[in-house]
Amino acid sequence: MAGGWNGEPYPPVDDAHRHYGGTNPGAAASPAPAEQSSLVRPYAVTGGRTAPRMQLAMEALVSSATSVHQDLSILTPERQAICQLCRQVRSVAEISALLRVPLGVVRVVIADMAAEGLVQVHQPQLDAGKPDLNLLERVLSGLRRL
Amino acid sequence: MAGGFGVGKTTFVGAVSEILPLTTEAVMTDASAGIDDLGLTPNKTTTTVAMDFGRLSLDQDLILYLFGTPGQHRFWFMWDDLVRGAIGAVVLVDSRRLADCFPAIDYFEEAQLPFLVAMNGWEGQFLHSEEEVREALSLPPHVPVVRTDARSRDAVKSTLISLVEYVLTVRAAYGRSF
C-alpha cells in the first residue's frame with residue numbers, strides 16, 4: 001500500500017492526478033511509486049471484503065473519536081491516516097480523495113472504525129431517501145448568504 | 001452536476017467550491033459486470049471511475065457537496081449512489097451539443113430526482129434561447145432552463161439557488177413522491 005495512505009490533506013490538485021489518481025509531480029517529498037500499480041490491491045487492506053458493515057453515504061461526515069494524545073501506533077497505517085484526517089470533519093468522499101484510496105475501500109474501513117468507536121459518522125438527514133424540508137431551507141439560506 | 005464530456009462540470013464545481021475540486025475513485029469489478037459492458041475488452045475485469053467534487057460550508061454544521069457525475073453511461077452505478085440523499089441535479093448543457101445530455105435527463109426523470117437544465121454560455125454568448133433548448137430536449141414545462149457561466153462564482157451560485165428553489169417548489173406540489 002505504499003503511497004496510498006501517506007497523502008497530506010488537500011494535496012495540490014493538478015491535471016495529472018485529476019485522472020485516475022496519477023502521480024503528482026509536485027509531491028517530490030512523498031515518493032509514491034506504487035500508485036499506478038494494480039487497481040485490485042487496495043482491497044487488501046479490507047481483507048478482501050467489499051461490503052461495508054454499515055451503509056455509508058458518499059457525503060456522510062466522519063469525525064475522529066480518538067484524542068490527539070492517544071497512541072495510534074497500534075493501528076494499521078490506513079486507520080491512523082483516517083484518525084488524523086478526521087480531526088477535522090470530512091466526508092467519506094473527501095477521505096477517499098485525500099488518501100487516494102477507492103471509495104469502496106474507505107467505506108469498508110470507515111464502517112469498521114465506526115463499529116470499533118474510533119470514528120463517529122454523521123449520516124445525512126433523509127426523509128424517505130430525500131433531504132428533509134428543513135435541510136433544504138437551510139441549504140437555500142446558506143447559498144443566499146454566500 | 002451532469003452533462004456531456006467537456007461541457008464544464010468540473011469548472012462549474014470549482015467556481016464555488018471552497019477547496020480545489022477533489023477526485024474520488026471507485027473500482028468497478030466483476031460484481032458490476034451486468035452494468036458495465038466488458039464485451040469489447042474481454043480480459044479486463046476492473047475499471048476505475050473518477051468523479052470530481054467540491055465542498056461548500058454553508059453553516060457550522062452544514063456542508064454542501066457538489067459532485068460531478070461520471071459522464072459515460074456504463075458508470076451509472078455511481079449515479080445511483082449519488083442520487084440517494086441528493087438535493088437535485090444540474091444538467092449542464094452546451095447548446096451546440098444537446099444530444100450529449102439526453103442520457104442524464106432520462107436518468108434523472110427515471111430516478112425522480114428534480115433537475116434543472118443550465119445552458120453554459122461561452123464568452124457570455126448563448127447561441128440558443130431557453131425555449132429552443134426546452135423544445136429540443138422535450139422538457140416538461142415545470143423543469144427550469146437557466147443560463148449560467150461555469151467560470152463565474154456568481155452565476156454558479158445563482159444556478160444552485162434556482163435548483164434548490166425549484167426542488168422546494170416540487171416538494172411542496174407533489175409531497176414525498178418527488
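Predicted model: local features only at pLDDT ≥ 70, side-chain atom pairs only at ≥ 80, totals over all residues.
Chain B puts 45 residues in contact with 41 residues of chain A, and the two chains bury about 4,100 Å² between them.

**The contact area**
- Of the area buried between chain B and chain A, 64% is on carbon and sulfur atoms.
- On chain B's side, Glu25(B), Leu168(B) and Arg171(B) supply 14% of the area that chain B buries against chain A, more than any other three residues.

- You'll find 5 salt bridges between chain B and chain A.
- Take Arg55(B), which forms a salt bridge with Glu94(A); their closest N and O atoms are 2.7 Å apart.

**What chain B brings**
- Several elements of chain B each supply at least two residues to the side that touches chain A: strands S1 (22-28), S2 (47-59) and S3 (62-67), along with helices H2 (76-83) and H5 (153-174).
- Sorted by class, that side of chain B has 26 nonpolar, 12 charged and 7 polar residues.

**Helix H2 of chain A**
- In chain A, helix H2 covers residues 77-85, and its buried residues are Glu78(A), Arg79(A), Ala81(A), Ile82(A), Cys83(A) and Leu85(A).
- Those buried residues pack against strands S1 (61-64), S2 (90-91) and S3 (119-122) of chain A, as well as helices H3 (92-99) and H4 (103-115) of that chain.

How values were computed. Residues numbered from 1 in each chain as written. Chains lettered and ligands numbered in written order. Heavy atoms only, no water. Buried < 20%, exposed > 50% of the residue type's maximum accessible area, 1.4 Å probe, protein only. Helix = DSSP H or I, 4+ residues; strand = E, 2+ residues; numbered from the N terminus. Contact = heavy atoms within 4.5 Å. Buried area = accessible area lost by both parts, 1.4 Å probe. Salt bridge = Lys/Arg side-chain N within 4 Å of Asp/Glu carboxyl O. Nonpolar A, V, L, I, M, F, W, Y, C, P; charged D, E, K, R; others polar.
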